[in-house]
Amino acid sequence: MFVARALLMAVAFLCATAALAADTPGETRGTVLEPSSANLALTWSLAHVVLPAALVGGRRWEGHAEDAPDVIGIAPLVIVMHGSSGVAPAVKEFQAWLADELGVASVAPDSLAIPDRLTYASPVDVAIYERVHALRLAELENALKASRDWSWVDRLRIVLAGTSEGAVAVGRYAGKDVAARLIYSWSCEDNYFVTAPRLGIGPKEPVLNAISARDPYFSAANPWNKDRAVTGSCAAALKDDAKAEVMVIDADVHTILNRPEVRERSARFLRGVLEP
C-alpha cells in the first residue's frame, strides 16, 4: 500500500512538472483590463468586507462594501488584494481570521467583478501580466481613496496585504500613507510574471514577506524562471529595510496565508504595527 501510494505521488509530481515545463502557452478568457472609473467602482462596491464583532456590536459582519453598516469609533483597516482566483475562499478565510483573532476589519476589492475581465491560465505573454498588474494597482489606489469615506477608518493604521497576483500591487504601491505591508506568495524579484519588480516600498517600511521555499510559480523550481536569477523570496529586495521580515517556509504550495505558522507570524507582525 505504501509503495503504491508513493508511486502514485511520484507520477503526479512528474506530470505536474511536465505541465509546468511545457512550451505551450497558457490561455486567456475575457478581454477587459481597463482601469476605468466604472470598472474601479465595481471592484469597490462589490468588495468583500469583514468587520469584527466589536465594531458592530454583535457578531462578525461580512458582505459587500456597498452594504457595509455604520461603525462607531476609530479602527484600523487591512486592504486585501486577492490573487488571480478572485475573492476565493482562502481570502475570505483570511479576512475572518483577521476579524476573529485580531479584531481587525478588512476589505478585499473584487477585480473579477469587472464584466468580461480578462483571466488567464499561465504562462501567458508578460505584456498581459503587466496589464493585469496595472489594473490591480489602480484597484488598490482606488480602495485607499474610497476607504477614506468610512469615517471609522484610522488613516494612520491602514495595512496593505496581498497574495500572489495581488501581492504585486502591494509591493509596487509607491505611496507613503500605509502603516505596513503583507506580501504573501510573491518574491519581489524578476521572474516570468513581471518585466521588473518595480517596488514602491520605502527604506524604513514595516513589511512581512511569506512564501514557500519551493513555490510552484515564483521559486527556481518553476522552469518558467530558468533564465532568471530567482532566489524565491523578497530577502534581496528588502535587505536594506530594517523593518522588513522574510519568512520562507519549508513547503511547495502556493497559497500559504492561512497556514498556522504563517498566521502566527502575521499576527505577531500586525500586533506590533497596529498597537496604538
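1. Which residue just after α4 takes a positive phi? G103 does, with a phi of about 65 degrees; helices here are DSSP runs of H or I with at least four residues, and strands are runs of E with at least two, both numbered from the N terminus.

2. This is a predicted model, in which local features need pLDDT of at least 70 and side-chain atom pairs count only at pLDDT 80 or more, while totals for chains, interfaces and linings use all residues. Residues are numbered from 1 along each chain as its sequence is written, and side-chain values use heavy atoms, with hydrogens and water left out.

3. α4 has 14 residues and reaches 19 Å from its first C-alpha to its last, close to the 20 Å expected at 1.5 Å a residue, where the expected span is 1.5 Å times one less than the number of residues. The buried residues of α4 include F94, W97 and L98, buried meaning under 20% relative accessible area, exposed over 50% and partly exposed in between (1.4 Å probe, protein chains only).

4. One aromatic cluster is formed by Y120, Y129, Y192, F193, Y217, F218 and W224; rings of Phe, Tyr and Trp (its six-membered ring) pair if their centres lie within 6.5 Å, and planes under 30 degrees apart count as stacked, over 60 as edge-to-face and the rest as tilted. By this rule there are 13 aromatic pairs. The ring centres of Y192 and F193 are 5.7 Å apart with planes at 50 degrees, so this pair is tilted, and both residues are buried.

5. Y217 and F218 also form a tilted pair, 6.4 Å centre to centre with 50 degrees between the planes. Y217 is partly exposed at 31% relative accessible area, whereas F218, at 1%, counts as buried.
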